[in-house]
Amino acid sequence: MLKLIRAPHKYVQGKGALNDFYNQTKDLGKRFLFICSNSGNKYCSGDIKKSFGDADAYTRFEVFAGISSNGEIDKMRKIVRDDKIDVVVALGGGSAIDTAKATAYFEDKKIVVVPTVVATDAPCTGLSVIYNDDATFDRYIFYPSNPDTVIVDTQVIANAPTKFLVAGMGDALGTYYEARACVRVGAPSLENGGISKSAMALCKLCYEILLENGAMAKEAAQQKLVTPAVESIVEAATYLSGVGADNGGLAAAHSIYNGFTSLEECEKTNHGELVAFGTVVQLILENAPKAEIEEVMNFMASVGLPLTLEEVGVTDLSRVIIACEKACAEGETIHNMVGNMTPEVLRDAVLATDILGKKYYEQCK
């Protein structure tokens with residue numbers, strides 16, 4: 001298998017980065033369509049508009065409907081054609097990003113991503129999750145390249161509710177361990193290539209930054225402060241996690257997320273929380289050293305990520321098998337693990353993780 005590594009063409013991060021938006025993107029084109037979330041339009045469009053100054057450029061800001069649906073993408077594609085747009089810009093969270101990526105791809109335009117939260121590593125990845133117009137899941141789209149430019153204003157991230165930053169840390173937590181599992185069995189990355197040493201180095205750095213800076217970053221962000229710890233965590237949760245997942249691959253943690261989303265009681269639990277819980281489950285499945293599991297659990301507790309089933313919304317343990325059956329469906333990335341991953345095997349690991357989490361909290365009292 002040929003080794004492969006992909007990343008955004010340009011990644012820009014820092015406090016006040018939106019003030020430099022036009023300078024960072026002016027070489028991509030002159031006509032810009034911004035696909036915005038409500039909050040993105042409200043809190044970020046002003047600084048972006050100012051960055052254009054008196055430049056000879058066209059800008060249009062469109063607030064999208066909130067879901068990266070086929071109908072919404074078709075609506076944005078029409079605007080691109082009617083307004084002769086050169087550059088599509090995502091300004092918002094994951095759904096705005098997925099909508100903008102798809103719009104740019106189908107219309108063969110440049111794509112710029114400006115995240116307003118870092119709850120997932122979507123900004124840097126080369127894929128989108130697409131839904132039907134009734135909000136049911138439709139498909140994934142894997143793109144031939146990653147975004148042209150990603151611009152992250154860390155003050156915008158710090159101003160957002162801290163729960164999103166914590167969720168981003170949860171999503172990033174699985175990056176190294178899932179890539180490591182893929183390397184063990186020779187599984188391909190999300191880009192369907194061999195996993196390079198460079199990719200693994202990014203994944204490991206992502207994990208190390210989380211441990212070193214996570215708790216301090218959360219404390220600062222709760223006060224809307226941008227500190228070196230916040231800068232480090234934003235980079236880990238956005239760039240290192242996104243590029244790491246693309247080029248390192250997925251294993252059990254993300255399959256567990258997919259499985260638990262089938263339970264109604266988990267609907268309000270975010271992606272990063274379930275991935276973090278799933279990371280501990282994956283370590284149990286691997287029979288990882290006790291010290292490694294304790295290190296991960298200590299980190300999760302320090303930033304407020306869930307260690308028990310109750311914290312992710314599950315109180316009826318008999319329903320765990322339902323999530324495990326979906327997580328072990330054919331084609332799920334849990335099958336990148338060593339051994340035969342059956343729903344029963346996974347259920348036992350999930351219940352064992354829950355017991356460990358409860359004991360952890362008891363010991364902390």
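A: Gladly, and please keep in mind that this is a predicted model. One feature to begin with is an open sheet of six strands, which pair in parallel and follow the order β1-β8-β5-β4-β2-β3.

Q: Which strands are the edge strands?
A: The edges are formed by β1, residues 10-14, and by β3, residues 58-63, and each of these pairs on one side only.

Q: And by how many degrees are neighbouring strands turned against each other?
A: On average, neighbouring strands of this sheet are turned by 15 degrees against each other, with direction ignored.

Q: Which strands does helix α3 lie across?
A: Helix α3, made of residues 70-82, lies across β2, β3 and β4, and its direction is at about 165 degrees to β2.

Q: And what about α4?
A: Helix α4, residues 94-107, lies across β2, β4 and β5 (110-115), and it runs at about 170 degrees to β4.

Q: New topic: where is Gln-24?
A: Gln-24 lies in helix α1, which covers residues 21-25. The side chain of Gln-24 is joined to that of Asp-20 by a polar contact of 2.8 Å.

Q: Which residues does Gln-24 contact, beyond its neighbours in sequence?
A: If neighbours within four places in sequence are left aside, Gln-24 is in contact with Lys-10, Val-12, Thr-149 and Ile-151.

Methods:
Residues are numbered from 1 along each chain as its sequence is written. This is a predicted model: local features need pLDDT of at least 70, side-chain atom pairs count only at pLDDT 80 or more; totals for chains, interfaces and linings use all residues. Side-chain values use heavy atoms; hydrogens and water are left out. Helices (H or I, at least four residues) and strands (E, at least two) are DSSP runs, numbered from the N terminus. A polar contact is a pair of N or O atoms within 3.5 Å; within protein, one must be able to donate a hydrogen and the other to accept it, and residues adjacent in sequence count only if both atoms are side-chain atoms. Contact means heavy atoms within 4.5 Å. Two strands pair if DSSP finds at least two bridges between them. Axes are lines fitted to C-alpha atoms, for helices over the stretch in contact, and angles run from 0 to 180 degrees between N-to-C directions.
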